[in-house]
Every structure is written in structure tokens, then in C-alpha cells.
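Let's take a walk through a protein together. Have a look at the sequence and the 3D picture, and keep them beside you as you read.

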Amino acid sequence: MIAPRTLADRIAALRGERPRPLPPARPVADDRSAGLARWLGAELRVADVGRVVLVERSVPLPPGTAERLSGLPDACYVDTETTGLSTGVGTVAFLVAIGRVRDDRIVVRQLVLPDYPDEGALLRLVATELADGARLVSYNGRAFDLPILVARLTVHGLFAALAAIPERHDDLLPIARRLFRRPLGGARLADIERGVLGIERVADLPGAEVPGRWFGYLRGGSPDLLAGVLDHNLQDVASLAILEAKIVHLRAGGWRDAEVIDARGMAAELLRDGAAADSLDLLALALDRSLQPDEELGVRRLATRLLVAAGDLERAEGIWRDATRRASVDAASAWIEVARIRERHRHDLAGALEAAAAASRVLDLAFALGRGGSVAEIGRARVAVEGRLRRLRSWVAARERRADRRTAAA
Amino acid sequence: MDQSVLGAHPRTPTEAIDAFLADASLAPLVAAHRVLEARPPRYGPWPVDLDPRIVAALRSRGIDGLYTHQAKAVETIRAGRNAVIVTPTASGKTLCYNLPVLDAVARDEAVRALYLFPTKALAADQLVELRALADAAKIGLKTHTYDGDTPPNIRSVVRAAGQVVITNPDMLHAAILPHHTKWFKLFENLQFVVIDELHSYRGLFGSHVANVMRRLRRICRHYGSDPLFICASATIANPAELAERVIDAPVELVDDNGAPSGRRHILVINPPVANEQLGIRGSALLTAQRLAERLIGDGVQTIAFARSRTAVEVLTSYLRETFAPPPGHPHTIRGYRGGYLPNERLAIQDGLRDGRVRGVVATNALELGIDIGGLDAAISVGYPGTIASTWQQMGRAGRRAGTSLSALICSSAPIDQFLAAHPYYLFDSSPEHGLVNPDNLHVLLNHLRASAFELPVPAVERFGIDETATLLDVLEEDGWIRHADDDRYYWSHENFPASDFSLRSGAPENVVIVDTTGDRHRVLGEVDLFAAPLLVHEKAIYIHEGVQHHVDRLDWEERKAYVTRTDVDYYTDADLGITLKVLEVLDEADAPPAGVRQRGEVMVAWKVTMFKKIKFHTHENVGWGSISIPEQEMHTAACWLVPPADLVNRYDRDTLDGALIGLARVARTTSALLLMCDPRDLGVLAQVQAPFTGRPTLYLYDAIPGGVGLTERLFTLVDDLIRVCREAVDGCPCADGCPACVGPAIEVGHRGKAVVSELLAGMN
């Protein structure tokens, strides 16, 4: 008869391993949070529901930043560091930073969770701090930071605290994407900092290492593990304010001098702000520069939409006529756009027919010269052009017949 | 010519079935024939205080009384007790839970219910049914399915406002529980959890589902709710026990079926022997085709069940050839596989009602609760694996009035042949047990991780087993969770644990057999991973539907075997080397003098190294080859039997060797019948000199890593096992072994059958 084994032995056997020695005993619950606070030069808030390490730091903002932001409601710039990337309930925000612009500086309060049992205290404090502002500003906070805070507040049943968080939440990610993603090839906050804000991070902690740092600290590691996380997070919050000021500036005419900007995205923003004329200026300016073909097409389309809406059909046509001078599929497409404007908006069928015929000739030429697109591309364009041409011809013919009948009747 | 004038052509399905049964050509195939007499409906008391709108809705559907089981279920649930409802197919089972749930929602719109079905198709089906009832009652019920097919914009509405959320255990595990804060309205007000098709939650899948229920209950406790559980199951031996294991709470059994039924004929049909040596019989599929043609031709609406999709396709196309409609008309024979949409099913249902559909060929998707109403005849092509599913399939035939026919057509598989020889097992023995082992350590540890992600686990909390704290320490040691100063364990890892494992994995996947003979590759069938090295190793001759195929290539990583049709005069026989190491003896029972009966944990490793080519008729060894398939290993539960020493000492080693092979074979077949399990879930190994016992030993083990309680249960049934084995061997009319008992003599030796019988007698 063999000796009965312990559950631990069975677990080990199940995994095909030898039983491991017991892990070292956990250090007694000395007040590590006090040590953490000391190390970080922070205040330790002790409530009956837990302890929170509160680090308050302030960073000078570039000149003009505060002024540009002064027209907006008082904001809480929020960024969290979490134990993982999933938004499931088990992901915890162990560092919540809230920045407020004061004079020419941003004052950032970083609330650090000393250990899991203190989370209730941290969340209460976070909610109190946020309730003090008129709105939240974040980068991807709608999809990530806020859902995590909401989930954790719900787990703790802190519904009153949850209700106190301002409803207005300006997530800068969508607009930053529209304005910068195409020219920068990405819209991570780091891309924007480097390409637009002129901020170069030195010795920055990669985001992927963040959760491991906190776990490492919890398992008895040095508080210094968290120092890098706090620095990384501080820069994130400061960048939020600088980015928002940059966006305010761009909207207020700064776009005229912007070096890096997506013309279509910015024009759409201006349009949203009701500045249609500025939007057109911007597009015209963009067309003067050399653009990527697909970007150019987008810019022309948007400009046409704006001009048609403004009733300036002559200029709308002009947008495309500029592009008809080459022997290529693109030129044929431009002629088609001209035909469309004449047909739909100027109700000039004869003119439309003329433009469609021009498109057909451009295609013939492109094909004969063997340029301006592959045979398949030209073929596809040909089908579209001939279809439109046929339709226009029959309409024009019908109208002429009607006119003839009217003349005969008269 | 008017056939009715001649009197030869039957006019009604009942007459057609009687004529069919009277046909002399059928008689040689019939292994058994039973008649179940008609049963009138029995009604229970109408529930008091039922919302008048619901009463009106039922009346408008012609329901003036509840059958006994429905009345009892409603009464039990309204009294606040968990219930498990066990009644046959098409007995109005869903009303048992829809009625009390709808009534509760009608009284208080805050009430929430969660419905769980094993498949999306069933969930979609139920949505239609529940909505129809709510609409008829003019109750504005907010209900929707929540699964992979639910559009994102509807999801958030379901989360916040769904009164009845219809989903599956997998979604609950991976999408709902780990995001419970988004569902807090549901969890705060959860009053009912409906678990339909409970019998499908057995084995490893059931063990996972039981743990998902543990997690669900923890979250309900957190939000202050304590839902009632309403389970519904097909007939199994231990529905209440299974329900209690799955929901971890007492339940009340509701099984007094009051639904009416007509007269039913049950047939067990065994095709004639085609190959004497190997005991291979004629094709079950072709036999099914002949019977179905006769029945359908006589106007008997028939459903045939086949075990694989391929077989469904083949049978459907054969029957469509026979019953080809005039050009331009739709087919009268319909195939039905899993994954059909409710609309397609409705089309079949309507077609059956108005006679446009005369026959349906289905996989077991239909067995699983999807309701297409009753037909005149049901044919099961091959034993579906359990007595419970056999009855479910047979239950598809049956009208409230008139005669119906159900037939099981046995294949050449040992368990089919056992049933053909001992049909009373189908009729008289209780159906199988639904077994789960929620405390399987593999499973338990995974769900404890997922649970810690959902809510921190206090060190004093019990999750499944008393030693939860030990498991928590193990998880902490592995860096998943953190034991904090408040004596709770917190999730402390970047991963999302519910996506690390699936509820349906762990069961070894099958090897697909691909026929490359024609221009287009087609799937012939599947063999399970344990049998694959034996049956479809390279150069094996694999026999499918009586046709020989040569295995050209086995892609072990992809789990695919490529075969081509061939015609040779030999078959192949591979040597499977199984080694089994006993890790721990957990229990021991009384055994005859000097015999042993034990159970415990074992490590099983198996490897196939070589095969022989054996000539038909002469059984000459005409060649051999080596096989290179990597060794497989598994830690699992087992029980083992050692016959008394004085008994085994009477035989020489070769005789004993053959007899043990036969004993193993009959033990596996009968064990699968005694337990509710597919024979493939049970492994068996006979060793003439087992290293652990030092003596001839028969091991039976759970063929699922970690075990699911099969052999643990079997250990309590050893006396029954030996008794049934003796009946199987001694009662078999063969001379010296056949597939229905110990296996053919060429495998077990000429004295094999006799020695098995003596061993069994001595072990009793």
C-alpha cells in the first residue's frame, strides 16, 4: 500500500512536476506603504478603508499653453496605469493621475495603490478629485481608463462616488487620430509627442512593463520599481494638457502654419466648428502642396462637397479641372467629377456630356501611350465612363426630341 | 390503377407500419421487437394566481390544462425550490420553466432570468418560443439571445435591460462573468437560472459547467441575489444527482410525465453478417436506406439519425434519388445538420405538417431538444452512444394518436453488437448516469483563477473543495494571485484568465479521415485520438462501410489521415503498447479471496510501434511495418481488478493473455452501458503481469485528462459490471467469441471465451 499523497503532491503530479519547496514566507505586514510614500516623497493618506500614497508634482507647461486652455471648462487630465490591458473586472488601476492646470503649470496628483485591500480608499479619493473638475480629458479614456474605473467602483458598490464623476469626457484620441494619424503613421500618444508636440522622452518606461513593475513591488521589490512608472505617467498627463492646447490652437487658425497635419481631418474639424470658409482655405492650401494621390483625391472630394454646399459651383469645377491635364485614369476620374457637378448641380447636361466625352478621350490617350494605370484599371474606368456617356447621350437626345416636338407643335 | 381498390396499399401511417412489421423479409433482421401501449394524457392542478394574461394566452393556444409534470414543475418553482424536469422529447418541457418565469416577470418587471442552452441554435429556438408566448399574453417581455451572433448595438441593451437573457455556458464563462459589473442589473435581480439539456453537461464539459455555476453563484452572492435553478434533462439514471452536482444545491425531481402518446413499436435491427472472420456485418447505412425507402414510400413520415455529417449527406442523397420530385418541385427529403437557422427548421417543420416533406435525415443536432414535432417513424443508424440518446432519437417518432415506429439499426461496433445480442439492456435497464467531476483539479484550478479575476477570494472561502486555501496558495506560488494582508487572494496577473481555457477543450480531438481516391478529397469519417494510432497509421487498411482503404499518410499534427480506396486480401493489425503507472490508491473494496479491487490515480502512456498484415481466411502473417507516432501521456483516474490467484494459476500465459484481451473488451462495452458514457471516454488495459500488482490485472480508466468520475462510479458498480459481463459472455450464442461478447477467436484464442467466463465466475 502506498502512502496517501497530499493535495499538493497531486497538483504537482497533475502538472508533471515534482512538488516544489514551499515559497518563502511573506514578509509580515509592516507598513510598506509608509516606506513607499517616503521613497517617492509623497503624502500617505490613511483612511479607515485603506491607505493611499499621494504624490503631488507640478510641471511647467510650454508658453501659451495655459492661455489657450483658459477658454475651456476646468479639466481633470486623467491617466491610469493598470494591471493589464483587458477591461474585464479583474484589471485594477493601481495608479490614477489627475492633472489640473494652475497658472503656467500642470499640477498632477498621482494616487498610488499600496496594495489591493486599499482600493476602496483609492477609488473614493479618485472620485472626489474628479468631481472637483467640470470635465475629464483623457487619451483613449472612453474605451479604457474610465470603463476600468467604473467597473472597479461598481465592484466596491461605490455608486454615489460613481455618480459624482463629471459626465463630460473629452477623449483626445479620436481627434488626434483625424489630425495626425496619416501624416505620422500612427496615433499613439508617444507618436504625437514626438511628431507634433516636440516632446522627446528620455529613458521612458515601455508601457508593456508597467504591470510587472507593480507586481514586482507587491512581491517585495523596491519602491524604486514604481518610480519609473510614476515618471512615465506624469509625462502622459502633462502631454494631455499640451495636446489639448495644441488642438485649440490649430482650430483657432494655427492650422495655417501647421507643419504636420492631415488636411482632410483638419478641414472636417473646422467644418464641425462651423468655419466652412477656413475649411476651404485649408483645402486649397493643401492642394497647392504636393500630396499623396489618394490623399489628394480625398482633399478634392471634401473641397467639392464644401463648395457645392456653399453654392460656388464654378470653383467646385475648378478643383477638378486642375487635375484633368494629365493622360491618366486619375484625369479621367477628374473629368467624371466635373461631369457629375455639371449634371447634378448645374443641370447642364450638354456640359456634362462634354466632360464625359473628355474623360473618354483621356482614357484613349492613356491607353495609347500605355501610361496612367494598368490595363485592368483603365478597363474598369472605361466601363464607368462609357456608362455615364451613354446615359448622358440618351438624355440629351431625349431632351432634343422634346424640344423638337415643342417647336413642331408651336 | 387505384391501389386502394386492390387493398394492397396501406392508407394510413398506422396501416403502413402494421404492414411493414408483417413483412416476412423484415423478420430475419429483427433482433428485438417491443410494443409500448398508448397512454392517455394526465393533468395536474391549474396553478393558482397565474397572471390572467398568461392564462388567456394558453387558452388561445388550446391549452386548458397542464400535464402532471408541468403542474408539478410550476408548483415546485413557485414554492422557491430548485427543480430538475425529466420527461421525454416533445412533452411540453419548455412550458415548465417559461410559465413561472413569465409569470414572475409579469408581476415585477425588475425580475431577471438567465437561460442557458448548450448551442446557439437552441438558444435562437427558445427565443422564438418565449417571445411567442409573451406576445400571445401581451406581456412586453425584454428578451434576447446573447452570444457570438448578437450585434454589438443590441449587446449593450441586453446587458442593461434584458429581462430574460438567453445564452450558453461558454458565453457566461468568457464574456458575462468576467465583465459582471456591466451586468449588475441582471445579477442584482437574478431570480431564475434555467439550464436546459442538462444531460449534455456531463463528462469534462459538465465538470467545467459546474464550475461556471460556482462562479455565477459567487457573483450573485456579491450582488445580493440568490436565484432558483430550473434544470431540464432527457431521461438519464441520475438527473437529480447530476443537477445537484452541476448547481451545487439540492433540487427536486419532477418526472411524472403526463403527456399522452400513441402506440409505439420499438425495433432493434441487426444487418446480416458480411465477413465471418472479423464478424463484420452489412452496412447499417444501407439497411437504413432500405427501411426508410419502404416506409416513406408507404406514406410514413420518417426521420433517420446518422452519427456523422457525412452519413447524413450520403443517406439524404440516396433517399433523394429514390424520391426525386418532378422537375421544378422541391425535394421531399430534407437533410438537417447542426447549425441550421431557425427559419430553415421552420420550413422543415411546416413541410412535415402539410406533407411536402416526407422524410428528414439528421445528425444528433435534432436529438438535442430542437423541436420539429412528432413523426411516424424514427430510424437510428448505429447506436448513438448512450441509452439516453437512443431514447431521445426514438422519441422523435410518436403521435398523440396512431401508431409509430422506432428502429435502432446496429452497426458492426462491439457495443452495437452487444445491444443486438442483449436488447433487453435497451428496454429494461435504467439509462446511464450523467457523471461530472467538478473537482477535477485541472478544471478546478482554471476556474478558481477565473473566479479570482472576477472577485477576490477570501482565504476562508470554499470553492468546490474544502482545501480551497491550498489551491489558492498554489496559484499564488505560480504568480497568478496575491494573498494580501486582509487575508483575501486578489487576481495579480496581466492575463485575462477566462480566455486561457475553453469549456469544451481537454477532450482529445478526433482524427479526420480524408478519402483522396476521386478528383475531390472528401471526409470519410473520424476516429478518436486514442484509436487513431491503431486504425489509421500509415499503410493501415482502414475499412469504412465495408470498403477497404489504404492509409497513405497520417498527418498527426493536423489530425488528418489521407486514404485511397483499395482492394487487397489482407487486413492490418497494429500493436498498441499501453503502459500504466499507478500513482496512488484512493480506495479499496472487498474482493473474492486473494483478489483485488482498487481505484486511484494513474499515469497512462500509449504508443503504437508496429503493425502486421494478416491474410483473410488463412490468417497468415504476410508482412509488417513500423509506425512512428509520438507517445501520448495522460494523468487520470482508474479502477482495477485482479482475479483470485488460484484461478489464474490454472492457465498458461498465452491462454491468459488472450482471455484478458477478451475480458477487457467485454468490460469496456458493458462499463460504457453501466455509466452514461461514450465507450471512447473509457480506456481499458489488461496486463498479464502488471508491474503494480505483480499479477494479471484489468485496468479501466477515464480517457480524459484528470478524470471525470467514470471509474470512480464504476468502482461502486463492480459487482454489477461482473454480472453483466457474465450475461454478455455466457448468454452469447457464438461458439468461441464474436464482436458481441469477447471478440473473435482469432484475437482471444480458441479457449478465450471459455476462460473469460471462468475468470468472471471466479471474480464474482
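How are α10(B) and α11(B) placed to each other: parallel, perpendicular or oblique? Keep in mind that this is a predicted model. In chain B, find helix α10 (residues 203–223) and helix α11 (residues 239–247); their axes come within 7 Å and cross at roughly 55°. An angle between 35 and 65 degrees counts as neither roughly parallel nor roughly perpendicular, and α10(B) and α11(B) are therefore oblique to each other.

Now look at where these two helices touch. From α10(B) come B:G206, B:V209, B:A210 and B:M213, and from α11(B) they meet B:R245, B:V246 and B:I247. Sorted by class, this contact has five nonpolar residues, one polar residue and one charged residue.

Next, turn to chain A, where seven strands form an open sheet. Read across it, the order is β1-β2-β5-β4-β3-β6-β7, with mixed pairing. At the edges are β1 (43–47) and β7 (169–171) of chain A, each pairing on one side only. On average, neighbouring strands are turned by 25° against each other, direction ignored.

Strand β6 (residues 135–138) of chain A runs parallel to β7(A), and three bridges join the two. In one of the pairings, A:V137 has A:D170 in β7(A) as its bridge partner.

Helix α4 (residues 119–131) of chain A lies across strands including β1, β2 and β3 of chain A, and runs at about 40° to β2(A). Helix α10 (residues 224–251) of chain A packs on the sheet too, and its direction makes about 40° with that of β4(A).

Note on methods
Residues are numbered from 1 along each chain as its sequence is written. Chains are lettered from A and ligands numbered from 1 in the order in which they are written. This is a predicted model: local features need pLDDT of at least 70, side-chain atom pairs count only at pLDDT 80 or more; totals for chains, interfaces and linings use all residues. Axes are lines fitted to C-alpha atoms, for helices over the stretch in contact, and angles run from 0 to 180 degrees between N-to-C directions. Helices (H or I, at least four residues) and strands (E, at least two) are DSSP runs, numbered from the N terminus. Angles under 35 degrees count as roughly parallel, over 145 as roughly antiparallel, 65 to 115 as roughly perpendicular and the rest as oblique. Two residues are in contact if their C-beta atoms, placed from the backbone, lie within 7 Å. Ala, Val, Leu, Ile, Met, Phe, Trp, Tyr, Cys and Pro count as nonpolar, Asp, Glu, Lys and Arg as charged, and the others, Gly among them, as polar. Two strands pair if DSSP finds at least two bridges between them.
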